[in-house]
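Welcome! Please take a moment to look over the sequence and the 3D structure shown here before reading on.

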Amino acid sequence: MRGAVMIGGTGMLAEAARAIARRAERLTLIARSPQDLAREIGVEALPMDWTRRESVREALAALRERDAPDLLVSWIHGSGLWCLPEFEALLASGARSIRVHGSAAGDPRHGIKTDPAPPAHVLRQDVVLGWVDEPRGRRWLTDREISQGVLKAVGDPSLRASIVGSLR
């Protein structure tokens, strides 16, 4: 992959960011404070707070100065969905947008109703994070399990909808 952008990839998705950095010619990490992880893995940091429109405009302007990325991985919650179309519009023709969602998004095989539709030139893949059922009860996914689920989607463009863990 030529260029990749990750929005929200510095916390639970840090392992995925490390793996994508090894595969991509260029990775840009976008988050409120992406500098430490970006420095650690040798990629570009682009600070952004989606609750501040000026911050988003600055991030978009910086991305427009580069070649169009062919991968976007985004973990944007409801209050930030307004900016998703802006970032997807910057993707190269035939690029993929991998959206990461919490379990409240529901079964991705039925479509994620909260997300705006992707542009026609972009393939959208949805990854919904569930939980793990164990003999003693349910537990949330670990950061590693979350990253592995996202990396499975990165590695398989035909995987349009996937669930990490269980939603039942």
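## About the model

The model is predicted, so local features need pLDDT of at least 70 and side-chain atom pairs count only at pLDDT 80 or more, while totals for chains, interfaces and linings use all residues. Residues are numbered from 1 along each chain as its sequence is written, and side-chain values use heavy atoms, with hydrogens and water left out.

## Two pockets

Let us begin with the open spaces. A pocket is an open set of points on a 1 Å grid over the protein atoms alone, where a 1.4 Å probe fits, with protein on both sides within 12 Å along at least five of seven lines; lining residues have an atom within 4 Å of a point. Grid points are joined across faces, edges and corners, and a volume is the space filled by probe spheres set on the points.

The largest pocket has a volume of about 290 Å³. It is lined by 14 residues, and the closest to its centre are Gly8, Ala31, Arg32, Trp50 and Trp75. Its lining holds seven nonpolar, five polar and two charged residues. Here Ala, Val, Leu, Ile, Met, Phe, Trp, Tyr, Cys and Pro count as nonpolar, Asp, Glu, Lys and Arg as charged, and the others, Gly among them, as polar. The second largest pocket comes to about 180 Å³. Of its 13 lining residues, Gly78, His101, Gly102, Ala105 and Thr114 lie nearest the centre; by class, the lining has six nonpolar, five polar and two charged residues.

## A pair of helices

Two packed helices are described by the angle between their axes and the distance between the axes. Helices (H or I, at least four residues) and strands (E, at least two) are DSSP runs, numbered from the N terminus. Helix α1 (residues 14-23) packs against helix α5 (residues 143-155) at about 35°, and their axes are 7 Å apart. Axes are lines fitted to C-alpha atoms, for helices over the stretch in contact, and angles run from 0 to 180 degrees between N-to-C directions.

Which residues of α1 and α5 meet? Ala14, Glu15, Ala16, Ala19, Ile20 and Arg23 in α1 meet Arg144, Ser147, Gln148, Leu151, Val154 and Gly155 in α5, where contact means heavy atoms within 4.5 Å. These residues divide into six nonpolar, three polar and three charged.

## Salt bridges

Side chains of opposite charge can pair when their charged atoms come close. With a salt bridge taken as a side-chain nitrogen of Lys or Arg within 4 Å of a carboxyl oxygen of Asp or Glu, the count comes to 13. One of them joins Arg2 and Asp70 (3.9 Å, N to O). Arg2 sits in the segment before β1 (3-7) and Asp70 in the loop between α3 (53-64) and β4 (71-74), 68 residues apart. Buried means under 20% relative accessible area, exposed over 50%, and partly exposed in between (1.4 Å probe, protein chains only). Arg2 is partly exposed at 44%, whereas Asp70 is buried at 18%.

Asp115 and Arg99 also form a salt bridge, with the closest N and O atoms 2.8 Å apart. Both Asp115 and Arg99 are buried. A network of salt bridges links Glu88, Arg99, Asp115 and Arg124.

## A loop residue

Asp156 lies in the loop between α5 and β9 (161-164). Asp156 is partly exposed, at 29% relative accessibility. Not counting residues up to four places away in sequence, Asp156 touches Arg96 and Gln125.
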